[in-house]
Amino acid sequence: MKKISFNDKWFVTKSGTESVVESFSNNQQEGKVAITLPHDGMISEERCRDTKNGGQTGYYPGGTYYYSKSFYVPSDWKHKKVMIEFEGIQGLSKINVNGNFVASSYNGYINTLIDLNSFLVFDEINTIEVRANNEMEQNSRWYTGSGIYRDVNLYIGSTTNIPVYGVKIKSSVTDDNCGVIDLDLTINNEDFDKKNLDLFVEIFNKEKEVVTCQTYPITINGHSMEKINQKLFVEDPLLWSCETPNLYSLAVSISEDNRILDKTTTKFGIRNLTLDPFNGLKINGEVVKLRGSCLHHDNGIIGAVSLENAERRKLEQLKKAGFNSIRSSHNPMSELALSICDELGILVMDELTDSWNQGKNINDYSNYFCEFWENDLRKMVDKDFNHPSVILYSTGNEIKEAGSAIGAKMNREITNKFHELDPTRYVTNGINGILATGEKFNEIIMDIIKDMESGEDHKNNSETNGEGGSNALNSMQAVLVGDLADAIATHPIMDDMLSEFVDSMDIAGYNYLTGRHEREHELYPHRIVLGTETFPGDIVNLWTIVKNNSHVIGDFTWTGYDYLGEAGVGVFYYDGHANFDPHFPDRTAYIGDIDIIGNRRPISYYREIVYGLRKEPYIAVERVNKYGQESSHTPWMWKDTISSWTWTGYEGKPANVFVLSDADEVELFLNNKSLGRKPVGVLHDYQAEFELLYQPGELKVISYRDGEVAEETEIETANSSKILLIEADKNEMKANGQDLIYAMIKLTDETGRINKWDTANVNIDIEGPCSLAGFGSANPSSEGNYFDKEWETYDGCALVVIRSSSTSGNCKLIIEAEGYESSEFIFTIV
């Protein structure tokens, strides 16, 4: 069926109602705003200290949004198949066409596909309405967004057609380098008459050259559906991998008497995937260790709205930072994001859900899981099947039932359904030991901690005075570090309670149970292990385990990219505040290797060095203005450092400098004076610490390998900032209402050096046929709204995101701040 974007010419309002009484008094046209989808209503809401969502959503409240679109339906559609797909609606949704109810959705991460034929009025204007009700707060442990935040697609085809998701492609390559394409195709004939069809299949390479083709005769009876399997072969195929993400296109058409009835094209990759505990994970015969990041679905300061430029920018930045894999946390990934992962060569673990029947919030998806899980899983597999990036399915995250016989039975059922629908991929689960052991957890602790004083220390560390959901859970998990963590992970009670649950899957996925990773092979020689969620600062230990053990196939850190919600988990509080006690106006988690506006933090470069992907040393400076002060700390936090040697007013004050490197030694110079050489590398956790007195100038590092000078790097003190530098990712946008420009604002001196110490209240103005999609900084505790026209910089930066309209024209971004010359950025919409 022909796929058509159905995102333009929608309206949204919050003034709608289904109340019989209110409908007489409310003007449902009031507040209607013309929009192009996708759209996130939550990001426009004023944050509220008293919302029940609390820090879980960054203090964004829920709401109900009424969407509508009127469109002409030509008379010839009467003899066609017409369907509409909503790829994602956040909030309990109800969909009406011409006043008639057609569908509802309870899961914001699963698509809704609707046959429209029975509801359309032909040769007339038709209206589709969607109510997205996200007012039931405490329905998620993180920021979800609200409304129609993913694409809407219209499908039109013949009454004899290839259904949406009716093409499934399995690929492999033989030892003689022949690509084997196993095509499973569904053909639907809604006519009364039998059809004698010609099925034509072509495969194109990325240069759009035909590499193989074949025609097959197909007979299909009236009012029936046929499933067809055919094999095709590609000689010397270009294989898909992280390093070479080669994609092919498979075009399928069905015709009758030389008249094409339907056609569709699907991208896919050719690769071999194998897994065993003795060789690990292999792609095309090469061992691949998963350098993974867990990733929430929001796109920072523009909210949850899923736009190509936003998804691509985030994924490109993660790949550049050294990650080769993503865990979609904790929900099915969008079709758009998966397609980008295919193109970039990023591996994906796609996750079904955050909870089963036992919930983590009063209004979360556990209320609907029992009824809908199988249908949701089927839709998820339909979406994922042809994406070479997807190598793993997760049955869920930190499932409470994991330590019970009922949970093990449920896990077998879900795993078996994944294998039934898709035998080409592997299945795991992100197991949390605290939740899985439940009431037995205290027994484990008492076995480990014998004296009352140690027990009280643990109790105090585990308490939280804040809200439930993420804060209570994460506070408990803070004990899962060091020797205590390993003792908990390997306790016999943990073994007994997890064994049946784990045995039902291909891979044992462990959240914060690092002590089990190596030990598993001794107890269960055929078990394969994956760190499905781990602490960022433990990367040296974690990656050493991954490298030294074939049965441990990788590690997924929490997390590679900062996100909205779970607010304050990683904020360094110097005022005595605790991280898991809700604290307005905290907005972001602040635990990403990359911050909320897309700038890499020092731990990102540290991780890159540990992975063996970076040779150049990196200089991380503990904030000099915080020297000697005690801050809060959780295992999700590393060091409060930035790469800056500009600390105006702190001349002569002590400073801690961390040099990160995999070399043998590093030597630090301040203004060409050596401050000594220190060992570094793996035996020293890839870091050397220097304490010195701050003086402006140049801080330089030289690294040594085998006694010889190898690499060097330096940072310099910036003068007082005078310039508002604009660094935009492009200067031209498409007039489609969905294109974005990312413009980073930096405070620089006259030489172009960024001054991360200075702050400025930056004002912006945008001219032309475009709109502000978001404006903000990486400050995790900032006030204000991302649609405000004034924002204070943080660490010398702020970000403006601009969205195109459907009108072409010239545009201008104007930036001003007191004490700075104004700056302009000219761009075009075409």
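I took axes as lines fitted to C-alpha atoms, for helices over the stretch in contact, with angles running from 0 to 180 degrees between N-to-C directions. Helices (H or I, at least four residues) and strands (E, at least two) are DSSP runs, numbered from the N terminus.

The model is predicted: local features need pLDDT of at least 70, side-chain atom pairs count only at pLDDT 80 or more, and totals for chains, interfaces and linings use all residues. Residues are numbered from 1 along each chain as its sequence is written, and side-chain values use heavy atoms, without hydrogens and water.

Entry 1, helices 13 and 14. I found that the axes of helix 13 (residues 539–548) and helix 14 (residues 602–610) come within 10 Å and cross at roughly 25°. For the contact (heavy atoms within 4.5 Å), I listed Ile539, Val540 and Trp543 in helix 13 against Tyr606, Arg607 and Val610 in helix 14.

I noted 17 residues in helix 5 (residues 405–421). Its buried residues (under 20% relative accessible area; exposed is over 50%, partly exposed in between, with a 1.4 Å probe and protein chains only) include Gly407, Met410, Ile414 and Leu421. Among the elements covering the buried residues of helix 5 are helix 4 (366–384) and strand 28 (426–432).

I located Asn126 in strand 10 (residues 124–133). Asn126 counts as buried because its relative accessibility is 0%. Leaving out residues up to four places away in sequence, Asn126 touches several residues, including Lys69, Asn98 and Phe119.

Definitions and conventions: The expected span of a helix is 1.5 Å times one less than its number of residues.
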